[in-house]
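Please consult the sequence and the model displayed here while reading.

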Amino acid sequence: YAVKPDLPQGEYVVLAGRMDSANESAVLKVEKDTVLDFKLVPAGSLELRLKSGKIPVKDRKVLLKDQDGKEVMQVPENAGEFLGLLVGESNTVSDESGKILISGLKPGGYSMGLEGCKISPDRFEIRALEKAEVEAAIE
């Protein structure tokens, strides 16, 4: 997609995405005849289930990093579905059963960590238009 914004000169954050694609974001410095080009790729999703015999699995903050080492955050549902995932500094929190569902992930390898605990496995792979199901032990 190519976008030619009709905005006053300045700096803007631009987000592009659709329901079945990994979203892209960029900082755009708008000047005369500025054009921004996005390439949206089909996305995958992760269903992570945390398991532990001793440690509570609810409200665990899981940090995801893509294969380039960039942190991946989950945008709150009330922010709008088109936002999906953005690169930034944030964590994803597990529900009462230790489950986390994250959609809009670009295909490729990811690593994950858990605040205050070790997690195994700590790596997984995302494929386009598929859901990766990962059960991870925490200690």
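Helices (H or I, at least four residues) and strands (E, at least two) are DSSP runs, numbered from the N terminus. The model is predicted: local features need pLDDT of at least 70 and side-chain atom pairs count only at pLDDT 80 or more, while totals for chains, interfaces and linings use all residues. Residues are numbered from 1 along each chain as its sequence is written, and side-chain values use heavy atoms, with hydrogens and water left out.

**Chain overview**
- The chain contains 0 helices and 16 strands.
- Of its 139 residues, 37% are buried (under 20% relative accessible area; exposed is over 50%, partly exposed in between; 1.4 Å probe, protein chains only).

**Nonpolar cores**
- A nonpolar core is a set of buried Ala, Val, Leu, Ile, Met, Phe, Trp, Tyr and Cys residues joined through side-chain atoms within 4.5 Å.
- The largest core has 21 residues, and L46, L48, L50, V62, L64, M112 and F124 touch the most other members.
- Elements giving two or more residues to this core include β7 (44-51), β8 (61-66) and β13 (108-114).
- Strand β16 provides the largest share of this core, 4 residues.
- A second, separate core of 7 residues includes V14, V30, L36 and L40.

**Surface**
- V27 lies in strand β4 (residues 24-30).
- V27 counts as exposed because its relative accessibility is 58%.
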